[in-house]
Amino acid sequence: MCSIQEDDIENPIKKDNTKKSKVCMKCGGEAVLITRINDPLCRDCFMVYTTHKFRAAIGKSKIIRDGETVLVGFSGGQASSCLLQLIKDGLSQRAHKKLRFKPSLLFIDEGAAIDMSAEERLDSCQKILQVMAKSGFPCHIRSLEEAMDSSFITTNSSKDSLASTDLPDLDLDEQSQGQRSNNDLNTEQPKSADKPKTNGLPIDKDFKEKCLHYDESEIKLKELLKSLKSVTAKEDLIKSLRYNILIDTARKHSHTKVMTGDCSTRLSVRLLSDISQGKGAHVAMETGFADKRLDDITIVRPIRDFSSKEVTLYNVLNDVESVFIPTLTTKAPQNTSIEHLTESFITGLQADYGSTVMNIMRTGEKLTTEILDSTEQQCIICHAPLDTSTGIASALNAVEFSQKISRKKEDETSPECCGEGDGSCNTKSGRLTKEEALSTMCYGCRLMVKDLSDVNKLPEYIQRDITNRVNRSKMKADIQDYLLADD
C-alpha cells in the first residue's frame with residue numbers, strides 16, 4: 001500500500017510555451033503586445049493588422065454598396081466602441097482607401113430591464129450621447145420598453161416616424177420638429193437661456209422626463225420579466241426585444257444593413273449557449289458574418305474575426321472611450337444563466353488554450369441554415385425558420401406529449417368560467433391561448449415563454465402577429481377543399 005499522502009503530491013508545473021521575444025514578427029521592430037501565443041507585434045503593425053482584418057471582412061462580402069446608409073448598433077461597450085473607432089478611421093481623410101458607406105448610430109437604453117433608477121439611466125444616456133456625439137454621425141436613442149408599446153412595429157416605414165438629429169449641434173430640421181414622435185428621445189433646440197448642461201452636453205430641461213416617458217410600457221416590461229422564472233429566459237427576451245428595435249429603426253430610416261459589434265469571443269459563447277438551449281438549427285444565422293433571415297434587412301458583423309483580447313488591445317492603444325452599463329448577470333455567480341456559465345467556461349479555456357475560440361468559430365462556420373421564403377414558416381419572435389416540423393417519433397413530440405398530459409390535469413382542476421353566466425366571462429374571448437402562441441414559435445423561443453402564466457403578457461406586436469397567423473391558418477384550413485394543388 002502506498003504511504004504517500006495526498007498533501008505530499010505536488011501539482012505539475014505547466015510548461016510556458018510563450019516566447020519571451022520583444023521583436024515584432026512583421027517588421028523586426030520593438031514589440032509592445034502579443035496577439036496570440038507567439039505573435040509579438042509593434043503598435044504600427046498591430047494597427048495595420050486590425051484595420052486590414054476589418055476592411056477585408058467588409059470588402060470580401062460585397063454586401064455593403066457604395067453610398068449606402070448603414071445603421072450601427074452602439075451599446076457603449078468595448079466591442080461596439082472598437083467598431084465605431086474603426087468606422088471613423090475608415091471614413092477619415094487620412095485613410096488609404098476610404099469606406100464608402102454612411103453610418104448612423106443607435107443606442108438602446110435597457111435600464112428598465114435591470115431596475116436602474118431615473119438618475120442612473122439619465123447618467124448612462126448622457127455618457128453614451130457624449131461618445132456618439134464625438135463621432136459626428138447621425139445618432140438615435142431608443143428605450144427597450146418601446147417594444148411593449150401598442151404602436152410598436154407599424155407598417156409605415158416613413159422616415160418621419162423617428163426624428164434624426166446631429167448630436168454635436170443638437171439641431172432638428174423643421175419637419176422633424178413639427179412631427180416629432182413620442183418614440184424618440186431626441187430633444188428640441190431650446191433657447192440658450194433654458195439650456196442646462198449635464199456632463200458638458202447641452203440638453204433641454206425635460207430630457208429626464210423624456211428618458212422616462214414610457215411609464216405604462218415600462219411597467220409592462222417589468223411585469224413580463226418578472227413572470228419569467230429563469231435569468232436565461234430573461235436574457236433571451238431582452239435580446240429579442242433589442243433585435244426587433246434595431247430592425248424597426250432600420251426600416252423607419254430606410255436602412256437595409258445593420259452593423260453590430262459582435263467579436264469572436266462573444267459569438268463563440270452564443271454558439272455553445274444556443275446549442276445547449278435547443279437553438280442549434282439557427283446558430284449559423286446567429287454567428288455568421290451576414291444574417292439574412294429577413295428579406296429587407298441584413299445584419300452584418302464586421303469584427304466577428306476579432307477576439308476580445310484584440311478588441312481590448314485596440315481600444316487601449318487608441319485611447320478609445322467606452323461606457324460600462326451593467327446587465328442582468330453583472331457580478332452574478334457563474335451558474336446564474338446558461339450564457340453566463342458558458343462564457344465563464346470558454347474564457348477559462350481560452351486563457352489556457354489560445355485557440356479555443358478560433359476552433360469554435362471554425363466549427364460554427366461549417367453549419368448552415370436554410371432560408372425560407374414564406375413568413376408563415378418563420379418564428380414569430382426571432383424570425384428564424386421554424387424547426388418544429390419533425391417526425392412522429394422525434395424527441396420534440398415526446399416532450400410536447402408529456403406537457404399536454406400535465407396541462408390536461410391542471411385544466412381539469414381549474415374553473416371553466418370566470419363570469420356568472422351573464423356574458424361577463426373574459427377567460428377565452430379575444431385572448432391568445434398558450435397552444436396558439438407556441439405553434440408559431442421555434443423550439444428555442446418556446447422554451448423562453450413556456451413558463452409564462454399568461455402569453456397575453458407578451459409585447460402587443462407579437463400578440464398581433466400571432467393572432468394574424470393563427471387566423472390565416474384557420475382560414476386556409478376552412479377553404480382547403482377548394483384550393484388547387486401545386487403542380
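A residue counts as buried when its relative accessible area is under 20%. In this predicted model, Asp-236 has a relative accessible area of 9% and is therefore buried. Its salt-bridge partner is Lys-279, with the closest N and O atoms 3.5 Å apart. The pair links distant parts of the chain: Asp-236 lies in helix 7 (residues 231–252), Lys-279 in the loop between helix 8 and helix 9, 43 residues apart. Lys-279 is also buried, at 14% relative accessibility.

The structure holds 30 salt bridges. Within helix 3 (residues 118–135), Lys-127 and Asp-123 are four residues apart, about one turn of the helix. Their closest N and O atoms are 3.3 Å apart. Lys-127 is partly exposed at 38%, and Asp-123 is partly exposed at 31%.

Helix 8 (residues 264–276) packs against helix 11 (residues 338–352), their axes coming within 9 Å and crossing at roughly 130°. Helix 8 is therefore oblique to helix 11. The crossing is right-handed. Residues of helix 8 in the contact include Val-269 and Leu-272; those of helix 11 include Ile-338 and Ile-346. By class, the contact has four nonpolar, four polar and three charged residues. Arg-266 forms a salt bridge with Glu-343, the closest N and O atoms being 3.4 Å apart. This pair joins helix 8 to helix 11 across 77 residues. Arg-266 is partly exposed at 28%, as is Glu-343 at 26%.

Salt bridges with shared partners also join Lys-239, Asp-262, Arg-270, Glu-286, Asp-291, Arg-293 and Arg-301 into one network. Arg-270 lies in helix 8 and is buried, with a relative accessible area of 13%. Beyond its neighbours within four places in sequence, Arg-270 contacts Lys-239, Asp-262, Glu-286 and Arg-301.

Note on methods. Residues are numbered from 1 along each chain as its sequence is written. This is a predicted model: local features need pLDDT of at least 70, side-chain atom pairs count only at pLDDT 80 or more; totals for chains, interfaces and linings use all residues. Side-chain values use heavy atoms; hydrogens and water are left out. Axes are lines fitted to C-alpha atoms, for helices over the stretch in contact, and angles run from 0 to 180 degrees between N-to-C directions. Helices (H or I, at least four residues) and strands (E, at least two) are DSSP runs, numbered from the N terminus. Angles under 35 degrees count as roughly parallel, over 145 as roughly antiparallel, 65 to 115 as roughly perpendicular and the rest as oblique. A crossing is left-handed if the near helix is turned anticlockwise from the far one by less than a right angle, and right-handed if clockwise. Contact means heavy atoms within 4.5 Å. Ala, Val, Leu, Ile, Met, Phe, Trp, Tyr, Cys and Pro count as nonpolar, Asp, Glu, Lys and Arg as charged, and the others, Gly among them, as polar. Buried means under 20% relative accessible area, exposed over 50%, partly exposed in between (1.4 Å probe, protein chains only). A salt bridge is a side-chain nitrogen of Lys or Arg within 4 Å of a carboxyl oxygen of Asp or Glu.
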